[in-house]
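Welcome, and please keep your viewer open as you read. We will go from one selection to the next and look at what is there.

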Amino acid sequence: MNGEHRNSAFLQLNPFGTVPVLEDGDQAITETGAILLHIAERYPQASLIPTEGASRTLALRWLFHAVSIHADFMTWRRAMFKFREDASAKAAVQGWMADRLASSFRTTDQAMTGPFLAGEAPGIADLYMLMVTGWWRGRFAFAAETPRLASAMKAVSALPFVQKAYADQGSELPDFSLALPKSNEQQHAPVPTGR
Ligand SMILES: N[C@@H](CCC(=O)N[C@@H](CS)C(=O)NCC(=O)O)C(=O)O
């Protein structure tokens with residue numbers, strides 16, 4: 001992003017000035033969770049969310065959980081700018097948010113009851129989680145600390161439509177099978193721009 005998200009044309013689409021925004025016909029849809037749900041319902045043949053019952057509720061639970069992880073991540077990210085002139089405040093806020101994220105990933109892993117977040121098949125919650133865990137790779141040892149989550153993310157990364165989506169954007173898919181190299185612990189994971 002090069003600031004386009006703050007111009008008036010973009011703000012007409014999303015007054016919050018954040019990406020992503022999906023334009024579908026004359027509707028502009030904002031909020032990652034709502035966009036994923038819209039896509040899943042528009043293309044039911046892709047089976048990205050169960051249509052009813054307890055399995056749909058479970059899928060929605062994990063979708064909302066991914067939203068909360070995204071929000072924690074953005075707080076971590078924004079602290080970088082907010083406290084750029086106060087190293088100790090920045091370290092305190094970022095350390096706190098990093099601990100929260102690590103704890104969320106560990107609890108997610110322990111709470112998983114199937115190979116994917118919402119059970120036996122990959123769905124929109126897994127797609128959302130792939131995005132947020134991808135930002136955190138290089139900072140958290142997913143394969144060692146959260147083997148179930150890492151294995152789900154690895155399987156989602158291998159889906160042809162996911163590979164195509166990342167390739168179309170020129171984004172690198174995270175490799176969740178890799179252990180975190182010690183020397184990399186403090187290196188910067190790829191993170192979204194913006195504050
Ligand atoms: N709740 C929004 C959050 C979106 C968000 O924070 N997007 C970030 C990129 S991941 C952004 O646009 N940052 C630019 C900014 O805040 O200026 C969603 O789920 O879509």
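**Stop one: two crossing helices**

Start by selecting helix H5 (residues 124-136) and helix H7 (residues 147-157): their axes come within 10 Å and cross at roughly 105°. That makes H5 roughly perpendicular to H7, a label for angles of 65 to 115 degrees. Axes here are lines fitted to C-alpha atoms, for helices over the stretch in contact, and angles run from 0 to 180 degrees between N-to-C directions. Helices (H or I, at least four residues) and strands (E, at least two) are DSSP runs, numbered from the N terminus.

Now show the side chains at the crossing. H5 contributes Asp126, Leu127, Met129, Leu130 and Thr133, and H7 contributes Ala152, Met153, Val156 and Ser157; a contact needs C-beta atoms, placed from the backbone, within 7 Å of each other.

Before you move on, a word on the model. It is predicted: local features need pLDDT of at least 70, side-chain atom pairs count only at pLDDT 80 or more, and totals for chains, interfaces and linings use all residues. Residues are numbered from 1 along each chain as its sequence is written.

**Stop two: helix H3**

Select residues 53-82, which form helix H3. This helix has 30 residues and reaches 43 Å from its first C-alpha to its last, close to the 44 Å expected at 1.5 Å a residue; the expected span is 1.5 Å times one less than the number of residues.

Which residues of H3 are buried? Colour Ala59, Trp62, Leu63, Ala66, Ile69, Phe73, Trp76 and Ala79. A residue is buried if 20 or more other C-beta atoms lie within 10 Å of its own, exposed if 12 or fewer, and partly exposed in between. The buried residues of H3 pack against helix H2 (32-42), helix H4 (87-111) and H5.

Most residues other than glycine have a negative phi, and most peptide bonds are trans. With that in mind, go to Val19 and Pro20, joined by a cis peptide bond with omega about 5°. Pro20 sits in the loop between helix H1 (8-13) and strand E1 (21-24).

Next, pick Glu31, in the loop between strand E2 (27-30) and H2. Its phi is near 80°, a positive value in a residue other than glycine. Glu31 counts as partly exposed because it has 17 C-beta neighbours inside 10 Å.

Finish at Ser47, in the loop between H2 and H3. Ser47 is not a glycine, yet has a positive phi of about 50°. Ser47 is exposed, with 12 other C-beta atoms within 10 Å.

Terms used. Parallel < 35°, antiparallel > 145°, perpendicular 65-115°, else oblique. Contact = placed C-beta atoms within 7 Å.
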